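My entries follow the structure.

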Amino acid sequence: MACSINITLRCSTDTPRFGDTCHLQFQSPNPRSPLLLKLFPSSISHHPKKISYSCTRRRSFVTVKSHMATEEKPISEDRMLVFVPPHPLIKHWVSVLRNEQTPSPIFRNAMAELGRLLIYEASRDWLPTVTGEIQSPMGVASVEFVDPREPVAVVPILRAGLALAEHATSILPATKTFHLGISRDEETLQPTIYLNKLPEKFPEGSRVFVVDPMLATGGTIVASVNLLKERGVENKQIRVISAVAAPPALQKLSEKFPGLYVYTGIIDPTVNDKGFIVPGLGDAGDRSFGT
């Protein structure tokens, strides 16, 4: 049974610096599918974008030989899509993270488990694959592998992004990790880059996961995506992974990066005057590393 819910999230009146209203549309084709949130920078409506990759294969037995044939489906370029997967384990780990009594080691483990689930969801129908036939102990089998020739780039935003991205290499067959260190001024809430390990240029067609646990005011994540774009990565090639998101950050991302995909554990309605998400889960970096 399909359902569509239109709502408006508005920042609280005590945070005038985030004054814009964020219009969000939730859609779900059935009760078990991920919650899809669309942010519209304009009134134009198109179908959401998806990219699928297929390969033609020559018959082979012990090894797989293939060449890539890319097939693209119609994609929306004028909107950002936000996914809130309804998996009960995602809800469980978000609840553990929210609890102020959760000790640091358990908090960090919960962050890592949540990241594993969100990256799993975000990589669905996105990774390039090769298909063919190999010899199993009992006969010939048709197989499909994630193409190891095209490693996914994982960009954790320090510090807390390290915890959320901890299990990325355990679920993705081929990855490269590039660290970004960005701090936020407590008074102005503006980001400052103190570590940049991104390559000068990403290979054409690269797929990049940007891992930032808290999408609050939007300064850090916008700065991160801007750095990727300067290095040749398009909006459609980026997927943002976060534990908790709030309207100010989502609104900024939507306006600046149409076609971007965001996967988050939950969306909270408010950011306070210190730039923290409410109810949120506190300072993800301090709680992850016990500082």
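I took a contact to mean heavy atoms within 4.5 Å. On that basis, and leaving out residues up to four places away in sequence, I found that H167 touches A112, E113 and R116.

The model is predicted: local features need pLDDT of at least 70 and side-chain atom pairs count only at pLDDT 80 or more, while totals for chains, interfaces and linings use all residues. Residues are numbered from 1 along each chain as its sequence is written, and side-chain values use heavy atoms, with hydrogens and water left out.

I placed H167 in the loop between α3 and α4 (168-171). H167 counts as buried because its relative accessibility is 17%, the limit being under 20% relative accessible area with a 1.4 Å probe and protein chains only. I noted a polar contact (N or O atoms within 3.5 Å, one able to donate a hydrogen and the other to accept it) between the side chains of H167 and R116, at 3.4 Å.

I next checked confidence, given as pLDDT, the predictor's confidence in each residue from 0 to 100. The protein chain averages 79, and 74% of the residues score at least 70. Over residues 1-23 the pLDDT is below 50, yet this stretch has 52 contacts in the model beyond near neighbours in sequence. Residues 40-75 also stay under 50, with 93 contacts beyond four places in sequence.

Terms used:
Helices (H or I, at least four residues) and strands (E, at least two) are DSSP runs, numbered from the N terminus. Buried means under 20% relative accessible area, exposed over 50%, partly exposed in between (1.4 Å probe, protein chains only).
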